[in-house]
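Hi everyone, thanks for coming.

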Amino acid sequence: MINCELFTCDAATKKLYEKAKKERIDTVWDRALAMQPQCGFGEMGLCCTNCSMGPCRIVKVSDDGPKAGICGATEDTIASRNFARAVAAGSAAHSDHGRDIALALYHATGKIRVKDEEKLFKIAGEWGIAVEGKDASRIAREVAEKALSEFGKIFGKLLFLKRAPHKRQNLWDELGVAPEAIDREIVEVLHSTHMGSDADYRNIIRQAIRAALSDGWGGSMIGTELSDVLFGTPVPRKVEANLGVLKKECVNIVVHGHEPTLSEAIVMAARDPELLELAKKQGAEGINVVGMCCTGNEIAMRHGIPMAGDFFQQELAIVTGAVEAMIVDVQCIMPSLATVAKCYHTKLITTSPKAKVPGAIHMEFDEQKGLDIAKRIVKEAVMNFKNRKGEVYIPDVKSEGEIGYSLEAIIKILDRVTNSFAHPSGTVKPLVDAIKSGVLRGAVAIVGCNNHKQPHNSCHVTLAKELLRRDILVVTTGCGAHSCIKAGLMSKEARKYCGKGLATVCELLDIPPVLHMGSCVDISRILVLLSEVANYMGVDISDLPVAAAAPEWMSEKAQSIGLYAVASGIYVVLGVSPAVTGSENVTNYLTKDLESVLGGRFEIEKDPVKAAEKIAVHIENKRKRLGI
Ligand code: SF4
Ligand code: MSK
């Protein structure tokens, strides 16, 4: 058994891990321990299985052993190919999410009213769709069609690239990395990394950059923007977080995964009077829907639904014995959930044809019959309430925070200050003023997952606190956001962690010092915010005193995010190294050389305190160069 005092800083996680051990349930940490030592070739990116002559492994630790694959591929080729394929898979996951949202918007037109018409008209304007004489429904259909064509259009660049500062767009053009169609960029990574195609690590990474940019400024941005159109743009609100949000007396439904189409329908279905009545008949006080991972972020931001937990807490939610159903769609769903659920009464319900899990019940979700299917799924949960068995234990651990800081919400907050000084509203001027004056030194996005290679939540939280005390504002998404809200960093009280300057800014704007900007695809909101600031200052994103960090990342999506952030000009600090260290050239290219090409680069730093120091130095250097 591992020492849970060391592996997490989260109290609910510690308590439920102990329950899991008592009940002989294996969790992610136990399996990680059983996996030691992990394969050094894989860890360094030196194993290739791209053709059936392999697997080939490059031996680095001694002079003996192969220095090239059977086809002659070098460590540089193999490591860069592995990295590029991970980026392509990450970009595919985010972008396919975006496509599904565009399809949902397309099919919804004429049936429901979109929630954010203002954003719909804005996107139509940006994309050159005429709006005169058309109703919102028709415009929504045309926007959805145009979004869908972004995935496979024959000519032209991605439309959202125009949101980047001009200097950035020109640089992408000069370097030949401006993506054209989302699917094509991903396909080209797979083709060029096929056995016997591209062997030049710089060129392989160049294509990976195109695929990554087609995620951040393409698929993810489409996912975010059209979700806002369809379901509403988030506004600040208070929510509770951590596994203590489960309720012993209620039917508990955990919605887990990524796409808001499913979770929105489940939230609606759980409010159905007939189902509520049925829940009472089963002896429950009501139906309690809570969200996990990015689905948790999506429904928290739009409905104030409690955020039950992050990636590493998904098994522990079931271990409470209080979850009637865990409903999942795509991405970050551990296959182990089916095994854990079998030990309790929990029904694991998969809903996507793209993500089935042996041992789960599959109830396929279809947006066109969304509410009906959602009601059937909720009914499964309700009827399962009476089947609880064993000890039900919900740790009394939860916190409260303010979430939902979309770009539009941030601008509205800034307007409060702008208007009071008679400046034009709707701009980032007050933010720029605060940065220029030095009251605010800069801003950092802390994003990403959990990973057993780092202590759970502690890296996110320590890094955030280290930055706040240096007057650096933090924005966050994904499971990083779960960590921060659980640690109380999204409450006004968290100002106590801030330096004097940041505390003053937070007080003036009435905001917490860590701003929740959404789910993983919503990192696109951060890209647009940075573009707004850069445009206002007349500079490029790479000139800004900003950085990004993923201290506990694990997924391929995170590799795509990291690379599109670097390609957008951002310094990105990773707490876990990508599997490239077997190649000195590839490692140096990603962590050093790219800066002179793109203005952004990766930094690998496991220790969050040292990461904060490095980020602070980076931010001060940027300030110096800007002359502020
Ligand atoms: Fe080995 Fe080359 Fe085939 Fe990779 S592509 S498995 S290095 S022979
Ligand atoms: S859910 S990608 S574990 S942040 Fe987006 Fe969390 Fe990472 Fe999944």
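Before I go on, some housekeeping. This is a predicted model, where local features need pLDDT of at least 70 and side-chain atom pairs count only at pLDDT 80 or more, while totals for chains, interfaces and linings use all residues. Residues are numbered from 1 along each chain as its sequence is written, chains are lettered from A and ligands numbered from 1 in the order in which they are written, and side-chain values use heavy atoms, with hydrogens and water left out.

Back to Glu185: is this residue buried or exposed? Glu185 is buried, at a relative accessible area of 0%; buried means under 20%, exposed over 50%, and partly exposed in between, using a 1.4 Å probe and protein chains only. A polar atom of the Glu185 side chain is 2.7 Å from the backbone nitrogen of Glu180.

Now for the other place I want to show you. From an unreviewed UniProt entry, we get a "binding site" listing of His258, Cys294, Cys332, Cys449, Cys479 and Cys520. They are spread over 263 residues of sequence, yet they cluster in space, with a largest C-alpha distance of 13.2 Å. A caution: such annotations may be inferred rather than shown by experiment.

Take His258, which is in the loop between strand 4 (251–256) and helix 11 (260–269). His258 is buried, with a relative accessible area of 2%, and its side chain reaches the backbone oxygen of Val330 at 3.2 Å.

Cys520 is in a loop too, between strand 13 (514–518) and helix 22 (523–537). Cys520 is buried, with a relative accessible area of 14%. Neighbours within four places in sequence aside, Cys520 is in contact (heavy atoms within 4.5 Å) with residues including His258 and Cys294.

So what surrounds ligand 2? Among the residues around ligand 2 are His258, Cys294, Cys332, Cys449, Cys479 and Cys520, along with Phe311, Met554 and Lys557. The shell divides into 8 nonpolar, 3 polar and 1 charged. Domain 2 (243–387) and domain 3 (405–626) each give the shell at least three residues.

Definitions and conventions
Helix = DSSP H or I, 4+ residues; strand = E, 2+ residues; numbered from the N terminus. Polar contact = N/O pair within 3.5 Å; in protein donor to acceptor, adjacent residues only side chain to side chain. Near = heavy atom within 4 Å. Nonpolar A, V, L, I, M, F, W, Y, C, P; charged D, E, K, R; others polar. Domains from an automatic or database assignment.
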